[in-house]
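Let's take a friendly walk through a protein model, one feature at a time. Keep the picture open beside you as you read.

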Amino acid sequence: MQLSDNRYHLSNGVDPLALVEKYGTPLYVYDTAHIERQYKRLAGAFNVPRLHINYACKANTNINILKQLKNLGAGLDAVSIQEVELGIMAGFAPQSITFTPNSVSLDEIKLALNFGVRINIDNISILEQFGMEHPEVMVGIRINPHIMAGGNTKISTGHIDSKFGISIHQLPHVFKVIETTGIKIDGLHMHTGSDILDANAFLLAADILMNTASNFKYLEYIDFGSGFKVPYKDDDIETDIEEVGERISERFNQFCKEYGRELTLVFEPGKFLVSQAGYFFVKATVVKPTPSTVFIGVDSGLNHLIRPMMYGSYHRIENISYPQGKPRFYTVVGNICETDTFGSNRKIASVEEGDVLCMFNAGAYGFSMASNYNSRFRPAEVMVHEGKDYLIRKRETMQDILRNQVEVKFEEAVSAGE
Ligand SMILES: *Cc1c(COP(=O)(O)O)cnc(C)c1O
C-alpha cells in the first residue's frame, strides 16, 4: 500500500477507505498484484531445469487465493486432508499437491492417496505401516537436518527436539524400512521453520539434504521447504532470495549431474507469497489515556489476528484515516477479555475514535488462524484484483456462531410432589 498526497492506495489506485466504507470493519483485504510480484520474483530467482513452487496454503486458505496461485503456475502444499480437498476444489491437479502432514493417522494418509496427491511422510512408524500396505506407491519423506533456524522457537522446526520430520540420525532405520517393505522414496523434503534470516543457515541445511539424497535411488524431487523471511518493518532484513536462488541452483545442478538424473527443485513458501499482500483494517473504538500509556482499543482482537500475541510478531500499524496527523505513541489493543496487544508504544499519526487503522503483513496466518473467541464474528475478506474489489468471504453472523450448536430441550425443573 502506497502513501501519496496523504492518502493510502492499493494497487491500481484502489482506495482502502472506500473498501472499509463498503464492507465495514474489521476487514481483511488482499491485493493480488503483490502475490503475483512475489511469485514471479521467486520463480525468477532459480536457474534450474525443473522448478516447482508449492504454495503452503495454511497461510491463507481462501479458495480465491488458491486459484490465483494456481493461475500463476504454483502447486500446493497441504498439511491436512481438508487442505488437500480445498486444493482439489480450487482446481489443482492432484499431482501438483503435496500432502505434508505431521502427527496424522495412517487413515488420513490413505485418504490423501485416494485423492491421488503426492504424499510426504514425516515419521518412521507411518512410513513402515504405509509401506507394508502400499509398497507400489512412491512417497517422499521429511528429513529433519537439525539446523537451528527461524525467528522464534514456536515456528522453528529443524532443531533437535522438534516434533517435525525424521531425524537425519535415524536414516539407517529408514533404509531398513525401505528394504523390508519395498517402498520407494521419490522425494526428500525439509522445512526448517519460518523466518530464516541467514542465507548461510539455509544453504547449510540444503547441503545436508543433498548429501543425504545421494543415498536414495528413485528420487524425483528435492523439496527445500520454506522459511523465507519477509520484511515487517522498514529496516527489516529480508531473505535475499536472489542470493539463495543463485547459490542453491548452482549446487542443485551440480548435484543432479552427480546423481545422474534431472530432479525437480521444490519450494513451498506461504508467508513469502501472501503476507505483504494482506492488510487488516480495524476501527479505533476507544482512545484511553492512562498514567502509563495511551491505549487505542479497536474493534478486533486476538480472535482475528493472533500472531502478535502468539509469537510476538510485529505488524506495522498506521492510521489511514489521517496519515498527516501529528505522530504520537500508542499501545494498540483488542476488545477480547484477555490481554491482546497488537503493538506497544507505536508511533502512529494522532488517532481519534472512529479512525481506521491498518495492520500490515496480514495476508499470512491472519484469517486462517482466526477464531470465534468471545463469540465474535470472524471478519469479511476482500480481494483487490486488477483495480476491482471482490468480496471473497462474508462477515459472519449469529447463525455462524450457532451453526453446530445443538440446543437440548431439557425438562423444566419439576417440583417435588407434582
Ligand atoms: C508452514 C509450512 C510452510 C510455509 O512456511 P512459511 O514460513 O509461511 O513460508 C512450508 N512447508 C511446510 C511443511 C509448512 O508446514
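With a relative accessible area of 12%, E396 counts as buried (buried means under 20% relative accessible area, exposed over 50%, and partly exposed in between, using a 1.4 Å probe and protein chains only). This is a predicted model, in which local features need pLDDT of at least 70 and side-chain atom pairs count only at pLDDT 80 or more, while totals for chains, interfaces and linings use all residues. Residues are numbered from 1 along each chain as its sequence is written, and side-chain values use heavy atoms, with hydrogens and water left out.

What does the side chain of E396 meet in a salt bridge? The partner is R378, at 2.9 Å from N to O (a salt bridge is a side-chain nitrogen of Lys or Arg within 4 Å of a carboxyl oxygen of Asp or Glu). The pair links distant parts of the chain, 18 residues apart: E396 sits in the loop between β20 (388-393) and α12, and R378 in the loop between β18 and β19. Helices (H or I, at least four residues) and strands (E, at least two) are DSSP runs, numbered from the N terminus. R378 is partly exposed, because its relative accessibility is 23%.

## More charged pairs

Side chains of opposite charge can pair when their charged atoms come close. The whole structure holds 13 salt bridges. One of them joins E381 and R393, whose closest N and O atoms are 2.6 Å apart. Here strand β19 supplies E381 and strand β20 supplies R393, 12 residues apart. E381 is buried at 0% relative accessible area, whereas R393 is partly exposed at 29%.

Another salt bridge brings together the side chains of E242 and R41, at 3.1 Å from N to O. E242 belongs to helix α9 and R41 to helix α2, so this pair ties together parts that are 201 residues apart in sequence. E242 is partly exposed at 37% relative accessibility, and R41 is partly exposed at 25%.

## Two helices side by side

Two packed helices are described by the angle between their axes and the distance between the axes. How do α8 and α9 lie, parallel or perpendicular? The axes of helix α8 (residues 199-213) and helix α9 (residues 241-259) come within 11 Å and cross at roughly 10 degrees. Axes are lines fitted to C-alpha atoms, for helices over the stretch in contact, and angles run from 0 to 180 degrees between N-to-C directions. The two helices α8 and α9 are therefore roughly parallel to each other (angles under 35 degrees count as roughly parallel, over 145 as roughly antiparallel, 65 to 115 as roughly perpendicular and the rest as oblique). Residues making the contact include F202, L203 and M210 of α8, together with R247, F252 and Y259 of α9 (contact means heavy atoms within 4.5 Å).

V29 is part of strand β3 (residues 27-31) and is buried, at 0% relative accessibility. Setting aside neighbours within four places in sequence, V29 has contacts that include L10, L19, Y279, F281 and V384. V29 and R395 are 366 residues apart along the chain, and their C-alpha atoms are separated by 13 Å.

T32 is found in helix α2 (residues 32-45) and counts as buried at 5% relative accessibility. Leaving out neighbours within four places in sequence, T32 touches Q68, M383, V384, H385 and E386.

Most residues other than glycine have a negative phi, and most peptide bonds are trans. A cis peptide bond joins T25 and P26, with omega about -10 degrees. P26 lies in the loop between α1 (16-23) and β3.

S103 has a positive phi, near 60 degrees. S103 lies in the loop between β6 (97-99) and α5 (106-115) and is exposed, at 63% relative accessibility. The phi of N361 is positive too, near 55 degrees. N361 sits in the loop between β18 (356-359) and β19 (380-385), and is buried at 5% relative accessibility.
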